Amino acid sequence: MIGRLLPALLAAAAAGAHVGSPDVFHEGSAGPYRLLVVIRPPAVIPGVAEVEIRAAAEGVREVRIVPLPASGEGAKFAPAPDVALRSKEDPQFFRGSLWMMEAGSWQVRITLEGEQGRGQMAVPVPALAVRPAVMQKTLGAVLFGLMLVLAGGLASIAGASVREAQLEPGSEPGRERVKRARKVTLGTAAVVALALYLGYQWWGAEAGEYQRHLYKPLELRASLEAGGKLVLRIENPRWLGRRVDDLAADHGHLMHLFLVRMQEMDALWHLHPEQSGPGVFRQPLPAVPAGRYKIFADVVHRDGLPETMTGEIELGAVAGAPLSGDDSGGSAPWSQAITWAESSLPLVAHRVHWFRFRVQDEQGRPAEDLELYMGMPGHAVFLKRDASVFAHVHPSGSAPMAAVQLLAAADPHAGHAAQLPPEVSFPYGFPSPGDYRIFVQLKRRGRVETAAFDARVE
Amino acid sequence: MARAAALPWYLWCCVLAVTSSMAGVHWDISWHRSIGRDTFWSPPHLAIYLGAVLAGVSCACLIFSTTFDRRAPLRECAVRIWGFRGPLGAFIAAWGGIAMLTSAPFDDWWHNAYGLDVKILSPPHTVLAAGMIAVEAGSLILILGQMNRAAGEMRERLERMFLYVAGMMVVGLMALLLEYTYRVLLHTGRTYRVIATVIPLVLAGVSRASGRRWPATTVAGVYTAFLVALVWILPRFAAEPKLGPVYYQVKQFVPNGFPILLLAPALALDLLWRRTPDWNRWALAAVSGAVFVAVLVTAQWPFADFLMSPGARNWVFGAHYFDYDTRPDSYIARSLFYPLETPAQLRFELALAVAAATLSARAGLGWGEWMRRIRR
């Protein structure tokens with residue numbers, strides 16, 4: 001149903017929200033209209049974000065999109081919106097591109113006009129410069145050739161200006177003039193070479209300045225304290241005045257921590273460490289089997305900018321404390337009650353898919369006991385086998401709820417309280433081909449169940 | 001009475017090329033201040049590159065016809081480069097056209113690699129600027145070659161054309177310095193130093209090469225008229241920001257500020273140079289440098305105070321136009337000068353400005369005398 005969104009122009013290698021998965025997928029309501037929005041942020045800032053919007057129903061006449069900062073003064077004044085272009089093949093599909101001018105937490109505001117009136121929605125987008133500059137060989141060769149022509153031309157023009165430019169018409173230059181012209185040609189060539197060298201240095205300095213603005217993720221140092229307590233210290237590499245004491249609660253927690261045993265990915269814990277000081281978090285570990293664990297820690301800054309920190313820790317077998325609060329997880333064998341519908345469908349990188357999971361009770365009937373888990377019908381983690389891609393996704397998409405709440409006029413959880421159906425769906429698009437593991441967590445009768453599925457992406 | 005011979009077509013092409021590029025540059029800067037977003041094919045870019053193509057193609061035609069047609073009128077007044085023949089100015093302007101066109105893919109790559117530029121001076125823009133200045137210098141020299149061989153009414157017409165192109169050169173150079181000459185920087189010594197480094201060279205060079213009575217004043221007048229026209233014309237056209245964040249609601253094109261009062265030092269220099277034709281060049285350059293800085297600061301400093309006052313917030317002076325990204329707490333929004341320099345630093349910068357103006361004027365005097373001897 002929602003599978004024909006066009007591929008991204010170029011996927012960035014890394015991004016702040018999630019890991020290696022910069023695109024934002026968001027499903028929600030714009031007034032009376034239900035939309036699935038995909039935003040592919042630029043890899044350089046300022047740069048162009050690609051926006052793809054699909055309306056669930058017909059009757060949308062016009063879609064307007066506009067980018068603006070998520071908060072602060074800049075969020076008050078929107079520039080003139082752009083009209084998203086309707087697809088000729090699919091009248092419910094619209095696309096457009098928007099300039100993101102500064103790095104940080106942004107939003108794309110979408111306004112619709114249609115048969116059911118007007119609707120509006122805001123989707124949070126982290127705008128981060130992540131791509132180092134590389135020049136294609138052909139372009140480099142063309143520019144180098146032109147540079148040689150221009151440099152040689154300049155030296156020759158200087159020579160000619162001395163040799164002939166001041167001669168009366170019709171006369172020929174004498175030997176002395178020709179000699180002087182040669183000297184001037186060589187001298188100009190030396191000056192041009194020096195200018196090119198200085199230009200090269202300048203280019204290097206500009207590239208260095210750009211490098212300074214390249215996104216530098218928060219770093220995580222993990223250690224184990226006596227009593228089986230995991231200690232996480234956030235280190236903040238200098239990047240655009242970012243702080244670590246401005247974290248916002250997302251689903252009631254400052255940090256959502258995922259521990260995954262590598263390489264098998266046969267154990268996953270979803271924990272919520274408590275902050276014990278600025279940038280320091282502590283978490284009593286549950287009983288975990290020994291092994292090397294990959295750590296993914298999701299946080300959201302108060303301005304809506306999400307970041308995922310990564311780390312590793314080698315753990316011996318930990319006796320551990322029982323899971324409490326919203327903490328969940330476990331190891332294989334996984335829950336058999338959750339099944340992936342349409343698991344045989346081919347998966348293609350850069351294309352948004354709906355991942356549907358059905359839940360059955362002990363008798364094999366559709367389960368009627370699903371509950372909200374931290375305000376959501378479910379949580380999914382998409383993890384590439386080499387751990388280069390990590391995305392924590394909800395049925396509403398990949399934007400963290402704290403960022404969505406910052407922009408939403410109404411509670412985005414509204415409507416979730418009704419009895420939950422036995423099927424949970426997540427919109428997501430893989431950023432690159434390869435083997436992935438998908439973890440799904442659902443809550444039934446107060447207990448969180450975790451299931452794992454393997455996916456091959458072409 | 002016989003009708004005076006018409007000015008050659010290639011000179012008009014060069015004049016048009018220079019005007020198109022300069023209008024394009026200012027329009028483009030204004031576009032970025034009011035609309036923000038553009039593409040490679042935006043109208044200001046087309047105006048800039050039209051200048052490149054016009055100069056490049058017309059000068060290439062001139063060079064080819066002079067090279068391959070043995071009866072070409074300019075064959076006897078040509079220089080030879082890489083087997084081609086043509087007036088020196090044609091080669092310089094063609095070089096400028098190629099440089100400008102080279103900057104296009106370079107700039108496009110730059111935007112893709114490092115993002116849309118938010119400043120005027122970047123390596124690809126410098127290639128573009130070098131190309132534009134070369135088109136202007138080439139046009140000047142092309143006119144000069146003709147002018148120095150001409151007499152009577154034809155010479156007068158060529159002299160007027162020469163001063164117009166020189167004025168456009170000042171427009172181009174001042175556009176390059178725009179980031180140093182914003183209103184909030186006009187009580188900063190550095191601003192006067194950068195102007196003093198560049199402008200006396202053109203004024204002195206052109207004055208020496210031209211035989212007219214008020215060459216520097218005319219050149220500064222062209223610059224002033226061009227910028228004042230932009231201040232008055234650009235806001236007549238509607239524009240709205242298409243980039244966020246928008247801190248200031250813009251409804252029309254934002255011009256690039258009232259021109260710097262170069263007319264005052266230019267007038268003073270014309271008066272000085274008229275009385276000192278036989279002075280030693282270094283002595284003349286030293287006095288010219290000091291006069292340039294002293295008169296410019298004396299005129300511009302209080303005028304900057306005026307531009308910050310409510311009296312300048314009208315269509316004549318344009319001090320009430322602000323960029324869409326002007327933050328309400330910025331110096332420009334609060335009509336305050338940047339406190340960049342201590343009084344000691346200011347004095348030091350102004351002393352440097354006099355030294356820079358001296359060297360610039362000395363180089364200009366030499367350049368002007370060289371230009372006066374151009375025949376081809």
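How many residues does the contact take from chain A and from chain B?

Reply: This is a predicted model, in which local features need pLDDT of at least 70 and side-chain atom pairs count only at pLDDT 80 or more, while totals for chains, interfaces and linings use all residues. Residues are numbered from 1 along each chain as its sequence is written, and chains are lettered from A and ligands numbered from 1 in the order in which they are written.

The contact takes 40 residues from chain A and 40 residues from chain B (two residues are in contact if their C-beta atoms, placed from the backbone, lie within 7 Å). On the side of chain A that touches chain B, the elements giving two or more residues are strand E4 (60–69), helix H1 (137–163) and helix H2 (175–213) of chain A. Helices (H or I, at least four residues) and strands (E, at least two) are DSSP runs, numbered from the N terminus. H1(A) gives the most to this side of chain A, with ten residues. By residue class, the side of chain A that touches chain B divides into 28 nonpolar, eight polar and four charged residues; here Ala, Val, Leu, Ile, Met, Phe, Trp, Tyr, Cys and Pro count as nonpolar, Asp, Glu, Lys and Arg as charged, and the others, Gly among them, as polar.

The chain that carries these elements can be described next. Chain A has three helices and 27 strands. The domain assignment of chain A gives domain 1 (24–127) and domain 2 (137–213), with bounds that come from an automatic or database domain assignment. The centres of these two domains of chain A, taken over C-alpha atoms, are separated by 49 Å. The radius of gyration of chain A is 28 Å, whereas a compact globule of 458 residues would have one near 23 Å (the radius is taken over C-alpha atoms, and the globule rule is 2.2 Å times the number of residues to the power 0.38). Along the principal axes, the C-alpha atoms of chain A fill a box of roughly 105 × 60 × 45 Å. Of the 458 residues in chain A, 43% are buried; a residue is buried if 20 or more other C-beta atoms lie within 10 Å of its own, exposed if 12 or fewer, and partly exposed in between, with C-beta atoms placed from the backbone.

Strand E3 (residues 47–55) of chain A has nine of its nine residues buried, so it is largely enclosed by the rest of the structure. Strand E2 (residues 33–40) of chain A pairs with E3(A) in the antiparallel sense over six bridges, pairing being assigned if DSSP finds at least two bridges between two strands. Within this pair, A:Val38 has A:Glu52 as its bridge partner, and E2(A) and E3(A) form a hairpin with six residues between them. E3(A) is also joined by eight bridges to strand E7 (residues 93–100) of chain A, and these strands run antiparallel. There, A:Val48 stands opposite A:Trp99 of E7(A).

The C-alpha atoms of chain B fill a box of roughly 65 × 50 × 45 Å along the principal axes, and 53% of the 376 residues in chain B are buried.

Chain B is divided into domain 1 (8–176) and domain 2 (180–376). Between them, 30 residues of domain 1 of chain B are in contact with 34 residues of domain 2 of chain B. On the domain 1 side of this contact in chain B, helix H1 (9–34), H4 and helix H5 (152–176) of chain B each supply at least two residues. The largest share of that side, twelve residues, comes from H5(B).

Finally, the nonpolar interior may be considered. In soluble globular proteins, nonpolar side chains tend to be buried together. The largest nonpolar core has 231 residues, and those with the most contacts inside it are B:Phe91, B:Val170 and B:Val219; such a core is a set of buried Ala, Val, Leu, Ile, Met, Phe, Trp, Tyr and Cys residues joined through C-beta atoms within 7 Å. Helix H4 (residues 123–149) of chain B provides the largest share of this core, 14 residues.
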